[in-house]
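This briefing is intended for a reader meeting the structure for the first time. Please view the sequence and the model together before reading on.

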Amino acid sequence: MGRFLLKRLLLMIPLIIGITFISFAAMSLVPGNFVSSLALDPKISPQVLKQMEAEFGLDQPLMIRYLRWLWQVVHMNFGVSLAYRVNVTNLIASRAANTVLLALASMILSWAIAIPVGIIVAVRQNSILDRTLSFISFLGMSVPGFFLAFLAMDFALWSGWFPVGGSFSPDYATLDTWSQVADRFNHLILPALVLGLAGVASLMRLMRSQILEIKHAEFVRTARAKGLSESRVMYKHVLRNALNPFVTMAGYGLADLLGGAALVETVMNLQGLGLLLLTAVRSLDVPLVMGSVLMGTILLLVGNLLADIALVAVDPRVDFSTLASQ
Amino acid sequence: MSALPRPSLTPAFESARRGDRSRVGQLASAARREWRVAPFTARVSVLCLLIFYLFAAASPLIAPYDPTHQYRNLPDCPPMRPHLSAPADWPHGMLFAYPMKMDDALARHFVEDRSRKIWLRFFHRGHFLTTESPDDPCFILGSEGLGRDLFSRIVYGARVSMCIGLVGVLISFSLGISVGAFSGLVGGRIDNLIMRWCEIEMSLPSFYFLLALAAVIPSGMSTVATFFMIVAIMSFIGWAGFARVIRGMAASLRSAPYVEAARALGGSRTRLLMRHVIPAVLGFAAVNASLSIPGYILGESALSLLGLGIQEPASSWGNLLAQAMDPQNIEHYPWVLIPGVFISVAVMAFNFLGDHLRDRLDPANFN
């Protein structure tokens with residue numbers, strides 16, 4: 001286990017450096033920088049602009065700027081956002097928590113729907129129910145998440161049951177703790193549903209094909225031959241094995257979930273990492289963009305790592321030595 | 001038995017590829033046979049895609065109006081319904097619509113003006129179906145905030161949205177297949193190195209990375225240049241996963257008897273690659289590629305929706321949907337959501353078609 005963890009953690013380092021460097025280089029390819037967007041303001045004199053440029057280190061060549069940034073990051077200092085004038089760490093920490101909350105909520109929701117439905121559909125293979133649900137799931141897979149988010153906003157406007165976008169109510173700060181929790185929850189339902197529904201269809205199809213594949217395996221026949229009841233065969237032998245790929249999916253689905261969350265956040269105006277990154281990209285706020293990209297990468301890598309560890313716990317055929325040698 | 005799927009559809013395609021005399025006839029009959037065995041969903045998908053590509057290829061003909069012309073007195077006008085006219089009026093036109101009049105300029109509320117009729121004509125003024133005069137427009141899908149015809153903009157937007165998938169797949173397909181096949185064929189340390197690189201690309205937080213890279217696209221760039229920038233960025237992210245699949249297939253081919261034989265006969269590495277490995281994986285790769293088209297369409301839509309992709313006044317289905325970013329617009333002018341329906345239908349059609357093709361090429365389904 002120790003060797004595996006060490007190897008995976010060491011592999012993360014070149015990965016993170018590569019990703020951040022490409023992003024950094026891309027940002028510097030853009031004509032102009034954060035200061036040049038201020039140049040349109042007649043109240044700011046050219047001398048001040050020059051001074052600001054020097055202060056932010058924007059007049060240095062690319063490599064120097066990147067290495068400086070990297071040096072800061074190694075010392076756990078992500079710099080100060082140019083636009084917000086706030087420490088990037090604080091800004092990102094609060095936003096990332098919202099994004100992770102949204103991703104987790106939608107994941108739980110989509111599993112809670114997809115797994116039971118997938119089981120029912122697989123048990124009644126080729127029935128009318130199976131065909132209808134499979135068709136609907138295929139349709140559902142094709143509707144883009146951002147379009148679903150628009151429809152959800154429309155629904156919220158029409159029904160008045162849910163808040164129309166936003167992470168919390170305007171009077172959030174004046175509420176007591178329990179009302180605050182309730183308020184956050186109320187704002188989370190619709191986005192989580194939108195993001196979760198996008199995943200339901202593919203998870204359901206995966207569940208169905210998994211069960212159908214395992215249903216005719218020899219160990220299932222053995223279990224039946226032992227005289228076990230049908231439900232016991234289903235839950236103890238078929239289901240247990242069918243769930244294995246879901247553990248891997250949980251980690252690798254995180255990338256889609258993060259990306260999807262970014263879009264849903266922008267459409268529904270949620271205070272998450274995606275929306276923060278978008279505004280930062282638009283205003284060429286380099287420290288903030290780099291911080292968000294780094295945060296997204298780390299979330300993803302840690303998610304994958306956790307998924308692999310969970311897989312070892314669930315599947316006795318996989319152990320750390322085989323994972324490490326891959 | 002080789003583990004690889006046989007890269008062929010019906011035998012007629014095969015013989016057409018071998019260069020039999022009546023190539024066109026053979027292909028046509030093969031297409032007819034394919035159409036007959038295709039399920040209903042696949043047929044509908046093909047029809048939808050044909051219509052959308054027709055939009056893209058013949059947009060000036062199909063769009064009833066200039067997509068950038070602003071009808072200043074008709075902003076956010078609701079869709080107008082064409083009516084069938086009485087046979088006596090057919091010399092004017094078989095279809096007509098009632099013009100819209102704004103009765104509340106502040107709320108942008110329109111009423112039908114029943115006193116007058118706008119005649120719709122086929123093949124008039126170089127358009128497939130348009131009104132008698134361009135000053136009296138009939139907006140079948142409504143108009144947007146600046147009074148431009150939404151349907152015309154959707155038709156022109158199909159150029160970007162439908163082509164981005166094809167171009168993107170073409171790039172990632174050729175890159176993925178050459179790198180993947182090479183990597184699988186040579187094996188050893190080079191293979192290992194290339195695959196590690198692919199893993200790095202696959203573990204990118206793709207959407208965040210896409211956003212960061214999209215910042216490179218300067219706002220003043222032409223639509224065509226922006227289009228190619230977006231395609232390049234997305235294929236850069238997309239080719240790696242594809243290369244890995246191809247590499248797996250090529251690696252199993254490395255020890256296949258016919259490749260060994262070719263090697264024993266002194267075939268160079270390039271020859272092995274071009275004549276033996278790539279043709280064997282081509283069919284499977286093509287289907288796999290077609291399954292990744294929706295990803296490109298969605299990626300472009302998302303970028304344009306966020307204002308980082310195709311810029312006004314050019315249109316793509318994504319940037320048309322950007323109007324819906326304001327909840328006020330959704331509430332009062334729900335037709336701003338229509339471009340999203342087009343995106344969904346296109347993605348759906350590619351998914352159904354790809355799924356069907358995959359089933360057709362699956363060796364388990366051959367008998």
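The points below cover the basis of the model, the contact between two chains, and the fold of one of them.

This is a predicted model, in which local features need pLDDT of at least 70, side-chain atom pairs count only at pLDDT 80 or more, and totals for chains, interfaces and linings use all residues. Residues are numbered from 1 along each chain as its sequence is written, chains are lettered from A and ligands numbered from 1 in the order in which they are written, and side-chain values use heavy atoms, with hydrogens and water left out.

**Interface of chain A and chain B**

- Chain A contributes 44 residues to the contact and chain B contributes 38 residues, where contact means heavy atoms within 4.5 Å.
- The two chains, A and B, bury about 3,700 Å² between them, and 82% of this is on carbon and sulfur atoms; buried area is the accessible area (1.4 Å probe) that two parts lose on being put together, summed over both.
- One salt bridge is found across the interface of chain A and chain B, a salt bridge being a side-chain nitrogen of Lys or Arg within 4 Å of a carboxyl oxygen of Asp or Glu.
- R205(A) forms a salt bridge with D355(B), and their closest N and O atoms lie 3.9 Å apart.
- On the side of chain A that touches chain B, at least two residues each come from several helices, including helix 1 (2-29), helix 11 (244-268) and helix 13 (286-314) of chain A.
- That side of chain A comprises 32 nonpolar, nine polar and three charged residues; Ala, Val, Leu, Ile, Met, Phe, Trp, Tyr, Cys and Pro count as nonpolar, Asp, Glu, Lys and Arg as charged, and the others, Gly among them, as polar.

**Chain B overall**

- Chain B has 13 helices and six strands; helices (H or I, at least four residues) and strands (E, at least two) are DSSP runs, numbered from the N terminus.
- The C-alpha trace of chain B spans about 85 × 50 × 30 Å along its principal axes.
- Of the 367 residues in chain B, 49% are buried, meaning under 20% relative accessible area (1.4 Å probe, protein chains only).

**The sheet of chain B**

- Four strands of chain B form an open sheet in the order 1-2-5-6, with antiparallel pairing; two strands pair if DSSP finds at least two bridges between them.
- Strand 1 (83-84) and strand 6 of chain B are the edge strands, each pairing on one side only.
- Strand 2 (residues 95-97) and strand 5 of chain B pair over three bridges, with L95(B) opposite L120(B).
- Strand 5 and strand 6 of chain B form a hairpin with two residues between them, and R125(B) in the turn has a positive phi of about 50 degrees.

Key
Buried means under 20% relative accessible area, exposed over 50%, partly exposed in between (1.4 Å probe, protein chains only).
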